[in-house]
Amino acid sequence: MIPSLFAFRFTRRLPELLLIMGLAFLTGALAVYMYTPERLDDLRYLRGEMPELFTLLGIEGDSSLDIHLMGILYGSLLPLFMILFQGSAACRLAAMPLQDGGMAMLLSAGHRRSAVLLTLYLNLLAETALVLLACAAGQAILALILFQGFSLLALLRLCLGFFPVMLPYGAFALLMSMWLGSVKGMRRACHAVMLATLLFTFVSRLPGWTRSLRFLSPLTLFRGTELASGSGGWGAALFALLPAAVFLLAALRSFSRREV
């Protein structure tokens with residue numbers, strides 16, 4: 001890791017990051033607000049009218065706030081939010097410097113390629129963690145206001161368990177930055193592949209042979225029910241470190257061979 005590079009990239013992106021954290025905070029708060037009686041009645045009505053759509057989105061229960069959040073937030077909305085965020089963040093951290101000459105300046109200063117790329121990945125991880133924490137804060141604050149006596153440990157476990165499931169996406173986005181020559185091409189290809197894994201997750205919730213498509217997405221490793229209840233789910237979430245490591249090693253190998 002290169003501390004000066006980490007601090008420079010982080011402070012340079014801080015205004016944009018704060019805006020995204022604000023959006024994540026509002027997203028988490030909105031998901032909790034949708035559990036109020038009036039909004040819950042609306043959701044139940046829509047589920048009765050469009051059951052297949054709600055199944056695709058993972059919104060299948062509302063017996064408790066944490067189960068409600070697993071569907072309306074972690075089932076579709078937050079994965080979509082984080083996939084778009086990580087793809088764009090990786091583009092700005094790695095693809096843009098490769099195109100505008102910023103990466104060449106770093107390497108000319110004597111920094112090793114592996115140290116540079118690992119620092120950029122740590123930047124991405126730190127930003128991802130802060131965005132998820134902002135979303136969790138939005139959930140926690142509104143839950144404390146609207147639902148007295150609700151245990152916040154379930155919300156915390158959901159947030160912490162979701163973080164490692166996001167790690168393969170960041171590593172893959174860096175790999176695409178190393179593979180593709182243009183910023184526009186990287187952004188399009190990266191988002192297309194990552195959104196495809198979200199689509200696979202949606203379709204795998206339907207009965208039949210499509211259930212096997214869940215193995216094509218790291219989101220399958222998020223075991224929300226177990227995490228919320230405190231009965232487990234950590235092993236599956238931590239298994240996401242394996243594809244993240246594979247993508248990161250591939251990015252390091254590609255970067256070591258790329259002309260800058």
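**Cysteines, a kinked helix and a lysine**

Mentor: In this predicted model, Cys91 has 0% relative accessibility and therefore counts as buried.

Trainee: How many disulfides does a search of the whole structure find?

Mentor: A disulfide is a covalent bond between the sulfur atoms of two cysteines. The search covers the whole structure, and the number of disulfides found is 0.

Trainee: Which cysteine has the sulfur nearest to that of Cys91?

Mentor: Cys91 takes part in no disulfide. Its nearest cysteine sulfur lies 8.6 Å away, whereas a disulfide needs the two sulfur atoms within 2.5 Å. That nearest sulfur belongs to Cys190.

Trainee: Is Cys135 buried or exposed?

Mentor: The sulfur of Cys135 is 7.3 Å from the closest cysteine sulfur, that of Cys159, which is too far for a bond. Buried means under 20% relative accessible area. Cys135 has 1% relative accessibility, so Cys135 counts as buried.

Trainee: At which residue does helix α8 have a kink?

Mentor: Helix α8 runs over residues 153-179 and reaches 41 Å from its first C-alpha to its last, close to the expected 39 Å. Of its 27 residues, 21 are buried, so α8 is largely enclosed by the rest of the structure. The kink is about 30 degrees and comes shortly before the proline Pro168, at Val165.

Trainee: Is Lys184 buried or exposed?

Mentor: Lys184 belongs to helix α9, residues 183-204. Its C-alpha is 11 Å from that of Gln99, which is 85 residues away along the chain. Exposed means over 50% relative accessible area. Lys184 has 56% relative accessibility, so Lys184 counts as exposed.

Notes. Residues are numbered from 1 along each chain as its sequence is written. This is a predicted model: local features need pLDDT of at least 70, side-chain atom pairs count only at pLDDT 80 or more; totals for chains, interfaces and linings use all residues. Side-chain values use heavy atoms; hydrogens and water are left out. Helices (H or I, at least four residues) and strands (E, at least two) are DSSP runs, numbered from the N terminus. Buried means under 20% relative accessible area, exposed over 50%, partly exposed in between (1.4 Å probe, protein chains only). The expected span of a helix is 1.5 Å times one less than its number of residues. The bend at a residue is the angle between axes fitted to the seven residues ending there and the seven starting there.
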